[in-house]
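The sequence and the structure are shown first.

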Amino acid sequence: MDDGSAEEAASGLETVTAPMVGTFYRRPRPDAEPFVSVGDRVRKGQVLCIIEAMKLMNNIEAEHDGEIVETFPEDGAAVQFGDRLFAIRP
């Protein structure tokens, strides 16, 4: 797990972490807009990204309402369980 999580918690930010190992995708298709970008307001249950694991596409949803402050992995990057994906300001 990334060391920045403690700093984010201290600053009041919520951290969305990877629930599995896989490939991180910011958009539903290569030619589509990202699900979310920095500055976007999100609602609980809104899809933030996809993680592909063993050829299955898994939607990762917001657990809280808030504003996207930071996106950590690059589109198409490999992620591990517990890696930071997004920082959200409630």
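## Basis of the description

Helices (H or I, at least four residues) and strands (E, at least two) are DSSP runs, numbered from the N terminus. The model is predicted: local features need pLDDT of at least 70, side-chain atom pairs count only at pLDDT 80 or more, and totals for chains, interfaces and linings use all residues. Residues are numbered from 1 along each chain as its sequence is written, and side-chain values use heavy atoms, with hydrogens and water left out.

## Leu13

Leu13 is located in the loop between helix H1 (4–10) and strand S1 (14–17). Leu13 counts as buried because its relative accessibility is 15%; buried means under 20% relative accessible area, exposed over 50%, and partly exposed in between (1.4 Å probe, protein chains only). Leu13 and Phe86 are 73 residues apart along the chain, and their C-alpha atoms are separated by 9.7 Å.

## Overall composition

The protein chain contains one helix and eight strands, in the order α-β-β-β-β-β-β-β-β from the N terminus. Of its 90 residues, 34% count as buried. Contact means heavy atoms within 4.5 Å; among contacts between residues at least 6 apart in sequence, 58% join residues at least 24 apart.

The accessible surface of the protein chain is about 5500 Å², and carbon and sulfur atoms account for 49% of it. Accessible areas come from the Shrake-Rupley method with a 1.4 Å probe.

## Pairing of strand S2

Two strands pair if DSSP finds at least two bridges between them. Strand S2 (residues 22–25) pairs with strand S7 (residues 78–79) in the antiparallel sense over two bridges, and Thr23 has Ala78 as its bridge partner in S7.

S2 also runs antiparallel to strand S4 (residues 47–53), to which three bridges join it. Here Tyr25 stands opposite Ile50 of S4.

## The largest pocket

A pocket is an open set of points on a 1 Å grid over the protein atoms alone, where a 1.4 Å probe fits, with protein on both sides within 12 Å along at least five of seven lines; lining residues have an atom within 4 Å of a point. The largest pocket has a volume of about 180 Å³, a volume being the space filled by probe spheres set on the points, which are joined across faces, edges and corners.

The elements that give two or more residues to the lining of the largest pocket are S1 and strand S5 (56–61). S1 gives the most, with four residues.
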